[in-house]
Structure formats: C-alpha cells, structure tokens
Amino acid sequence: MNPTIRTLTLALFAAAGCACAVAAEQPAPPPEEHPVLGQIAAAVSAAQMQATVQTLVGFGTRHTLSDTQSDTRGIGAARRWAKSRFAAISQDCGGCLSIVTPAQTVTGKRIPTPAEVMDVVAIQKGTTDPDRVIILTAHIDSRVTDVMNATADAPGADDNGSGVALVLETARVLSHYKFGATIVYGILSGEEQGLYGGKVLAKYAHDQGWRVETDLNNDIVGGNRGQNGVVDNTRIRLFSEGTREAESAKVARLRRYEGGELDGPSRNVARDIKRLAEHWIPNWRVDLVYRVDRFGRGSDHEAFNELGYPAVCFRESAEDYRHQHQDLRTEDGVVYGDTIDHVDFDYLAKVTATNAIAAAAMAWAPPPPDGFKIAGGVSPDTTLNWQALSGPAAGGLAGYRVYWRDTAEAAWTHSRWAGTATELKLPGVVIDDWAFGVASVSKEGFESPVEYPGPQGAFWPPAETDAPAKP
Ligand SMILES: [Zn+2]
C-alpha cells in the first residue's frame, strides 16, 4: 500500500490509544523495496522474443494435428525446438532446469481420432519449499479459420507465439536466480482443439502432489492495435475468476453471508501482480478484469481453476480479430492472418517483465498462511487469526501483514504489520464494513499474495470444505 496511508493508519491507531502492544513487541517489518525486481524487468529482451516468434512462424503450422515427424514443419518440430531452447537455458545455469513432456492421447469434438497432446515443461526446483509451485503457461499450437485444417499455413505469431516467447524468455531471465519455491515453465499443445494441454499439465501438477500457488497463463499478449482503432501500449488485461470454480455448495453458502465473491485466490493473485508490476515497470498499467476470460472464449488457465488451483490469464490491451484464427488472405483490401508484423516486441517485453516479476516475487516470498479466520460480529473491533507457517514454508519468514479495504474497493487500501503474531485485533474497525486479508512476508520483505479469510479465500482449502474436482 501507499506508505503514506500506512503511516497515517498507524498514527491514527496510536492516537486512539489502541491495543498496539502486539505490534510494538514485534520486530520491525522488513524493507519493501526490492531493486532486484527492477533488474529482472530490465533483463527481458525484446530482440530475443522476436527471434523466438520468427522461428515459431517458420514451422509453417503448429496445429495440434499437424505433422509430428518433420524437422522443419508442424507441431512436432516446434515442440522439439522449444525443448532444445529449455535445454540451452538449463546448460547456461548449470543444469537448473529439468525438462519433462507430460502427454495424453485424447479424442474430442475437435480431435475426431485419437491424437497425442504433449506439453513441453521445464522445472526450476525451489531450494527451500520445492513442493510449492508457481506455473507459467502458454500454448504453442496454432490454427486458421477452419479449426480442423492441420495443413494450411497458420503462423500464430500473436496467438500464441507471443505467449511461448514470453515463457521461454522468463525462463532465461529467472534461471539466473535461485528461489525458495519451484517455478514451472509450461509450453502447451491442444489449446485450440479444446484446452487439452492445460488439462494435461494441471493433472500432472495434481499427480506430482504440487501445492500450486498459481498458474500465470499468457494467450495473445503481443499486440496493442485494436480492430476498433484503439492503440495502447501502456496496459495489459489480466482476467481472474472471483469465486472458485471448484467451490462446494457449503462454501458457496458461507460466502453468500460472509463475502468473498471478489476474493477467491485467483483474484488476489491478480491484485498482487498489479501491485508489483505497476511499481517496477514505468508507464504501465495492469487492468484487472473481474471475469474468468473474454466473452465466449477461454484458455488453459481454466483447467487449473477446474482443479481448484488459483490461475489467471493475461490478454493484450486491444485485440484485432482480423489477425486471429484466420486464413492468410486479402479480402476487399483487408489483410487477414496472424503474422509477425502485428506483434509489438517492446510491448511484449513489458508483459513478460510483468510475469517475471510476479513469479520471482511469489517464489521468493513465503506462501499465504492456512486457517485464516476473522471474528468480531456485534463488536466494535475485528480480530484476525491464522495458523503459523510451519515446515519448509516457514523458512525465511519475517512475519505477517494484515490488509483491509472498503468492501466496494478494487484494491487493498489499508494494512498493518503483525510481526510473527498469529492474531491481530483491529480496534474500532467494524467487521461488517470491510474486506480483510493476510499475507506472509519474508525476511527480505517479499510478500505472498493477500488471502481472504475462510475456505472461499484460501489458497489451499481444507479438502472437506472445498474438495477440488478429480482430474
Ligand atoms: Zn490462443
């Protein structure tokens, strides 16, 4: 939050003679400035990503059902090239990435005969809390007007060469650092045929027993010249679900009375990304869209949401539908097709920096705590409590910070350092009037996303209250 507001809030508490003893006995909060995030943002290379998209376009088509044997054309060649890029990045960091290729043979409306959907995934294992995982994803497959046409040229420069370039570049930049949690870089197939690659990786995460803190999905993130004439290279849209898709009836009822319809963990991940990116990237806005995705359209983050995992999706600021899912052609003087000339690589670099900063900050921070509850009905005060982090998650923990905001505010506006206490009373703050949250903070000051109280806000809800669907 704005330091002035925070100072003012503390001063007001002190002036009111409130129960500040808890805060006073606690160690001072760690620093909030992390120049390393600015260095990460600056290390992102637009030229590197331009070369990546040029290479991807060169495979002719990357349709999921295209040739898998050729070394020069089709999705097989494209996947093998992506794998070789991960291998090269890993070689440069002393083998810091392990590469896996989870796959499933699927059939469906857009896959009439069984076909293998294979993802190419690089894993940068965390040093202290490796089971906690932050995932970045983008689909590599492409299409033309007829979604079943697996042979026509489908350059897919923006949809979704831009996203693949972002994931590879983020891996290159972040491979120079070590993180407490694991970061997973996923290049997915089968998106255009029915979001299959997301399902493959979400199931893989589930089977590995990963504690998925979030999936940051990127799909069409390199253009900023809209079909409606809007040109805007200063903003990115970030979509997130407000309530968990995998919410149980019991939790839905609780949420109806205690709130949280705007505070599922995916939404609070989105708020965290906005806070970080707008601080570290100049002339840049992350516009939160309170919606799972664009109207009638979807992407691979939904497969993670279906399993109860927090997941969000980045989309470019202004889309031109003449350059998505189109046969390459000129009609009545209008040029159609998803070609590289419609990708702005300096813009894509800012979207990539946004992802890299967010993934790094989350992987350096501890996870949000479990068991977060609030109490204070029919009382002038609100009391918040949560379980202390334990085990590997507690490594490097400095303490917790509580947040609150007016229920109709979009972003957190008030906060207070709780130190290592697991309970904090906010005297004079009436529970009915505010939304509350808590975040864990590392000794270096890296902060987890804010978590809303109750199973509706929990990143890892207890299985009995909100069991995720079976993959
Ligand atoms: Zn796409």
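Helices here are DSSP runs of H or I with at least four residues, strands are runs of E with at least two, and both are numbered from the N terminus. Good morning, colleagues. The structure before you is a predicted model, in which local features need pLDDT of at least 70 and side-chain atom pairs count only at pLDDT 80 or more, while totals for chains, interfaces and linings use all residues. Residues are numbered from 1 along each chain as its sequence is written, and side-chain values use heavy atoms, with hydrogens and water left out.

I begin with the backbone. I220 is not a glycine, yet its phi is positive, at about 70°. This residue sits in the loop that joins β7 (211-218) and β8 (235-240). A cis peptide bond runs from D159 to N160, with omega near 10°. N160 has its place in helix α6.

Let me turn to the domains. The chain is divided into domain 1 (3-30 + 367-445) and domain 2 (36-364), with bounds that come from an automatic or database domain assignment. Their C-alpha centres are 34 Å apart. Across the boundary, 10 residues of domain 1 are in contact with 11 residues of domain 2, where contact means heavy atoms within 4.5 Å.

Next, a pair of helices. The axes of α3 (residues 35-43) and α11 (residues 345-364) come within 8 Å and cross at roughly 145°. Axes are lines fitted to C-alpha atoms, for helices over the stretch in contact, and angles run from 0 to 180 degrees between N-to-C directions. Which residues of α3 and α11 meet? From α3 they are V36, L37, I40 and A41, and from α11 they are A353, A356, I357, A360, A361 and W364. By class, this contact has 10 nonpolar, no polar and no charged residues. In these counts Ala, Val, Leu, Ile, Met, Phe, Trp, Tyr, Cys and Pro are nonpolar, Asp, Glu, Lys and Arg are charged, and the others, Gly among them, are polar.

On a 1 Å grid over the protein atoms alone, a cavity is a set of points where a 1.4 Å probe fits but cannot get out; a pocket is an open set with protein on both sides within 12 Å along at least five of seven lines; and lining residues have an atom within 4 Å of a point. Grid points are joined across faces, edges and corners, and a volume is the space filled by probe spheres set on the points.

The second largest pocket has a volume of about 630 Å³. Its lining has 32 residues, and E258, Y452, P453, G454 and Q456 lie nearest the centre. α8 (249-258), β13 (373-375) and β18 (434-442) are the elements that each give two or more residues to this lining. Domain 1 and domain 2 each supply at least three residues to the pocket lining. By class, the lining holds 16 nonpolar, eight polar and eight charged residues.

How many cavities of 30 Å³ or more does the structure hold? There are two. The largest cavity contains about 60 Å³ of space. Among the residues that line it are D159, R143, E192 and H325; D159 is also the residue from which the cis bond runs to N160. The second largest cavity contains about 40 Å³. Q48, T52, R85, I89, L168, E169 and R172 form its lining, to which α6 gives the most, with three residues.
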